[in-house]
Amino acid sequence: GAKIKMYLLGTASGIPTEKRYNESVALAVGENVYLLDAGEPCSATLIRKCIDYNKIKAIFISHMDADHFAGIPVLIQTMEIGGKRGNPIKLFLPEGVVEEVRKYLEMMYLMDEMLSFKVEFLPIKFNPVYEDKWINLFAYPNNHLESRFQLKEKVIVDYPDIQMDSFSFCITVGDNKKIVYTGDIENVQELDAFIDGTDLLLTEMAHVEPEELFNYLSGKRVSKIVCVHIHPDWDDREKECLLLSRKYLDDKVRIGYDGMELEI
């Protein structure tokens with residue numbers, strides 16, 4: 001079958017660090033590319049990894065925090081100025097923000113009339129969210145945003161329509177390989193519904209404690225674990241983190257870094 005690779009374009013959490021850009025992951029299946037989140041500067045990191053951004057078929061945004069979405073306008077502009085894209089690009093978003101994102105891009109002159117290709121704005125609504133002959137992608141709700149806004153009651157009152165959808169993604173690819181990308185979670189139990197039988201888990205490490213995460217995963221059928229979305233507190237503590245992981249998971253865990261390539 002087609003060669004399957006993942007590229008970690010950015011592995012920081014809410015703020016970039018000296019060696020980590022904001023969250024973005026590219027999945028390449030043969031000539032086809034799919035983007036999971038688009039923290040900035042994903043256009044630059046795609047180019048520096050020699051990944052053809054015109055081969056991106058679909059982009060999946062797990063939730064609307066800026067560190068997961070802010071690279072989108074420049075990516076679309078890059079495709080347009082590059083002048084080689086003709087195929088539409090599918091942009092999957094939480095259902096409640098589809099029209100707002102369309103208007104946001106129009107403010108930067110990235111509307112249908114100005115582009116030589118079509119951006120298809122699609123809601124993350126039903127499973128599978130997306131399928132073609134290379135991948136199937138499913139979305140599972142998590143509680144990342146709900147817990148945050150419950151602590152800020154004034155925000156909910158002032159902005160009753162605020163979008164709180166947040167997702168983890170589960171992808172089947174190739175010879176039934178299973179990849180899970182956690183997005184941002186509130187607690188590890190949110191992974192219960194879809195974690196077992198995972199070949200590659202890309203798990204965030206900013207909103208859950210590493211030891212709690214590793215302890216939880218020790219009871220699950222997961223072949224390979226790569227930590228992404230690294231909290232600044234753990235930014236320079238890879239060795240310490242790996243030692244902690246070995247208490248529970250032998251040598252299954254790797255700490256992700258910008259530019260890391262993973263073969264499935």
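1. Ser166 counts as buried, because its relative accessibility is 1% (buried means under 20% relative accessible area, exposed over 50%, partly exposed in between, with a 1.4 Å probe and protein chains only). This is a predicted model, in which local features need pLDDT of at least 70 and side-chain atom pairs count only at pLDDT 80 or more, while totals for chains, interfaces and linings use all residues. Residues are numbered from 1 along each chain as its sequence is written, and side-chain values use heavy atoms, with hydrogens and water left out.

2. Where does Ser166 sit? It is in the loop between helix H6 (153-158) and strand S9 (167-173); helices (H or I, at least four residues) and strands (E, at least two) are DSSP runs, numbered from the N terminus. The Ser166 side chain makes a polar contact with the side chain of Asn142 at 2.6 Å (a pair of N or O atoms within 3.5 Å; within protein, one must be able to donate a hydrogen and the other to accept it, and residues adjacent in sequence count only if both atoms are side-chain atoms). Leaving aside residues up to four places away in sequence, Ser166 touches several others, including Ser62, His63, Tyr140 and Asp184 (contact means heavy atoms within 4.5 Å).

3. Now to strand S12 (residues 222-230): seven of its nine residues are buried, so it is largely enclosed by the rest of the structure. With strand S11 (residues 198-205) it pairs in the parallel sense over seven bridges (pairing needs at least two DSSP bridges between the strands), and Thr198 has Val222 as its bridge partner in S12. S12 also pairs with strand S13 (residues 253-255), again in the parallel sense, over three bridges; here Ile225 stands opposite Val253.

4. An open sheet of seven strands has mixed pairing and the order S6-S5-S4-S3-S2-S1-S14. Its edge strands, S6 (119-124) and S14 (261-263), each pair on one side only. Neighbouring strands are turned by 20 degrees against each other on average, direction ignored (axes are lines fitted to C-alpha atoms, for helices over the stretch in contact, and angles run from 0 to 180 degrees between N-to-C directions).

5. Which helices lie across S5 and S6? Helix H3 (residues 72-82) lies across S3 (32-38), S4 (56-60), S5 and S6, running at about 170 degrees to S4. Helix H4 (residues 98-107) lies across S5 and S6, at about 155 degrees to S6.
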